Amino acid sequence: MNEGLMQFLSQGGYAQFVWGAYGMALLLLVGEVIGLRRRRRTILARLRRLLRLGTPPDNPREHE
Amino acid sequence: MSSAWSKFASPSTFYPLAGRMIPVFWVLAAGSLLVGLYWGFFETPDQLGGSNAQKGYYRIIFLHVGAAWMSMWLYAVMVGWAAIGLVFNTRLSFMMANAIAPTGAIFTFLALWSGSFWGRPSWGTYWDWDPRLTSELILFFLYIGYIALHSAIDDARRADRAAALLAIVGLVMVPVIFWSINCPDPNQCAALHQRSGLGKVDGNILFAMLTTTLGFWMYSFATTLMRVRTIILTREAQTTWAAETIQAEARA
């Protein structure tokens, strides 16, 4: 079981290439989702605050 | 345009619909990726022989091909939405195009990155200016350009139109990437992408490749819909339905 795991991790000696590629994918794809969630929370909080203050948000900018 | 389409062109109708679809796409994405990657790592030979012999590093293919296909497909879809927006003047179409761009950029980057990491052990180089690599790099710059151009213009509607035009002009790159698979002279550039048909690929490898690609496609649906919902709330914040939704989300 342990040998199988070591074999899997080493990827025939090419671990740095295989995991370097898949690792970046994991990083970016998970990062994207986390970023989307955070962005949504931030924007909701901002819009809620603006609505509470009674000032309707105008000329909304998507990129702040 | 029938009234059914007009209804779906309305952000207020699309917002909750997208919300319901997102979890479905996450489940499909997770399922496909798990199956595809499991298959790719455990049901395929450890190395390949033949005219283009490959060692263990070839397993990058499942990530590389999927990401590359998505980079092209997402660009085409983005242009589709941009064109619809320009022709029918529908806000939501432009919002969809904007929502796709970052995900498309990420997959393009991953195609380039994974390709690099595959190229080094197998053909001896992280990079080469062969037609396909170069055109994929240009595609990456087009995505970044789309996002940057849109950011740079204050008026949302003008930004939408300008970016849409850029995207449409750049569409020529996709067929260039797709068809530039042969380096004309192997002495001039590394023979990284030789002509090979899908029919010649081992069945297990092909299955893993297609399943992983499906997984990326479902993932892209999920992230694009998540992004467009936030875009919709930002742009439509002055409307009653949006105000009510925003308040309701606070309690959820």
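Predicted model: local features only at pLDDT ≥ 70, side-chain atom pairs only at ≥ 80, totals over all residues.
Where is A:Q11 found in chain A? A:Q11 sits in the loop between α1 (2-10) and α2 (15-52) of chain A. Helices here are DSSP runs (H or I, at least four residues), strands are runs of E (at least two), and both are numbered from the N terminus.

Residues are numbered from 1 along each chain as its sequence is written, and chains are lettered from A and ligands numbered from 1 in the order in which they are written.

Chain A has 2 helices and 0 strands. Of its 64 residues, 19% are buried. A residue counts as buried if 20 or more other C-beta atoms lie within 10 Å of its own, exposed if 12 or fewer, and partly exposed in between, with C-beta atoms placed from the backbone.

Most residues other than glycine have a negative phi.

| Residue | Phi | Other C-beta atoms within 10 Å |
|---|---|---|
| A:Q11 | about 50° | 20, buried |
| B:N89 | near 60° | 12, exposed |

B:N89 belongs to the loop between α3 (61-88) and α4 (91-123) of chain B.

**Inside chain B**

Chain B is divided into domain 1 (13-45 + 202-227) and domain 2 (64-201), with bounds from an automatic or database domain assignment. Their contact takes 13 residues from domain 1 of chain B and 14 residues from domain 2 of chain B; two residues are in contact if their C-beta atoms, placed from the backbone, lie within 7 Å. On the domain 1 side, helix α8 (residues 203-235) of chain B gives the most, with 11 residues.

Helix α8(B) also packs against α2 (residues 11-42) of chain B at an angle of about 155°, with the axes 7 Å apart. Axes are lines fitted to C-alpha atoms, for helices over the stretch in contact, and angles run from 0 to 180 degrees between N-to-C directions. The two helices are therefore roughly antiparallel (under 35 degrees is roughly parallel, over 145 roughly antiparallel, 65 to 115 roughly perpendicular and the rest oblique).

**Where the chains meet**

Between the chains, 34 residues of chain B are in contact with 29 residues of chain A. On the chain B side, the elements giving two or more residues are α4, α8 and α9 (240-251) of chain B.
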